[in-house]
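Let's take a look around this structure together. We'll stop at a few residues and see where each one sits.

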Amino acid sequence: VKVRRNYYHKTCPKVENIVRAAVTKKFQQTFVTAPATIRLFFHDCFVQGCDASIMIASSDGSKAEKDHPDNLSLAGDGFDTVIKAKEAVDAVPSCRNKVSCADILAMATRDVIALAGGPSYEVELGRLDGLSSTAGSVDGKLPQPFFNLNQLNSLFAANGLTQKNMIALSAAHTVGFSHCSKFANRIHNFSRETAVDPALNQGYAAQLRGMCPKNVDTRIAIDMDPKTPRKFDNVYFQNLKKGKGLFSSDQVLFHDPRSKPTVNNWANDSHAFKRAFIAAITKLGRVGVKTGKNGNIRRNCAAFN
Ligand code: HEM
Ligand SMILES: [Ca+2]
Ligand SMILES: [Ca+2]
């Protein structure tokens, strides 16, 4: 493991306080800060590792990761959170250009989870920023909402994460929004026999059809957790037990006998869930960490130095 606690102890000892203050301010302006930042961290870590490659803007000649179709629905507030926190860090003369964008994203993610009522944890630091970002590199690296358990497990295993880690991290869908297109197949044209996915709770399906009618405006997004959309809690698992998982990839965690016991456990035991989530997100933060010549500290998170 290359990342560790207190990495900036000498160079920028107050970095965690500086980031927390900037993130808190942004969170108070809009709740979307929380889900947008958490998802940004996930999409960063699964493509080329946790190296802020997701932050790079496309330039004339090359399309960057953020413009791959799987990343187009990342909310702008996540990017803005990292940029604001970086500005706050760089405003302190001794910290200027000493803290990586990848670490700022990891700290901001930790902070928004706590702000949304989720578990608090010590964040490991010491990631350098990556030196490449291409849309092509995203192909096949991110999970799709129609994935089954085997597909989910193999993609997470490719990043060193277990099925338990995957289930714990999926609970990030306890906050935030989804566009209607991401689950439209489950409520309008599921199969030749039935328009609505039989795994969906009937009442919930009717609600979803009301919020997301067939030719709904593509910009419409709805809460992913119908019960506590603004609280980072284990209600995600309680929802799955009621057939209220929004994506097939959520619902399958309760329907597949291999993952069902874990869902049942964490639906009943929020402390066990919190412990598992902390272990999983800490492991996620270690994926593909760059050090030495493989990275640097970007002056501008959206552009290479
Ligand atoms: C397990 C496989 C996963 C699949 C198939 C998946 C898929 C999706 C999809 C389709 C959306 C909706 C995007 C939109 O329409 O705007 C979404 C949102 C979200 N995902 Fe996932 N996701 C997965 C795992 C994760 C993980 C591991 C995390 C973080 C640890 C995460 C965090 C989020 C968050 C916070 C949102 C809400 C974003 C917002 O409100 O801006 N997801 N996910
Ligand atoms: Ca990355
Ligand atoms: Ca919730």
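Leaving aside its neighbours within four places in sequence, which residues is His173 in contact with?

## His173 and its surroundings

Keep in mind that this is a predicted model. In it, His173 is in contact with Met224, Asp225, Tyr236, Leu246 and Asp250, once its neighbours within four places in sequence are left aside. As for where to find it, go to the loop between helix H6 (163–170) and strand S1 (177–179), where His173 is located.

His173 counts as buried because it has 21 C-beta neighbours inside 10 Å, and the cut-off for that label is 20 or more. There's also a database note here: an unreviewed UniProt entry lists His173 under "binding site".

Next up is Gln48, in the loop between helix H2 (33–45) and helix H3 (76–90). Its phi is positive, at about 65 degrees, even though Gln48 is not a glycine.

Is Gln48 buried or exposed? It has 22 C-beta neighbours inside 10 Å, so Gln48 counts as buried.

Last stop: Asn97, which you'll find in the loop between H3 and helix H4 (101–115). Asn97 is another residue other than glycine with a positive phi, this one near 60 degrees.

Methods
Residues numbered from 1 in each chain as written. Chains lettered and ligands numbered in written order. Predicted model: local features only at pLDDT ≥ 70, side-chain atom pairs only at ≥ 80, totals over all residues. UniProt positions renumbered as here; feature names shortened; annotations may be inferred. Helix = DSSP H or I, 4+ residues; strand = E, 2+ residues; numbered from the N terminus. Buried ≥ 20, exposed ≤ 12 C-beta atoms within 10 Å, placed from the backbone. Contact = placed C-beta atoms within 7 Å.
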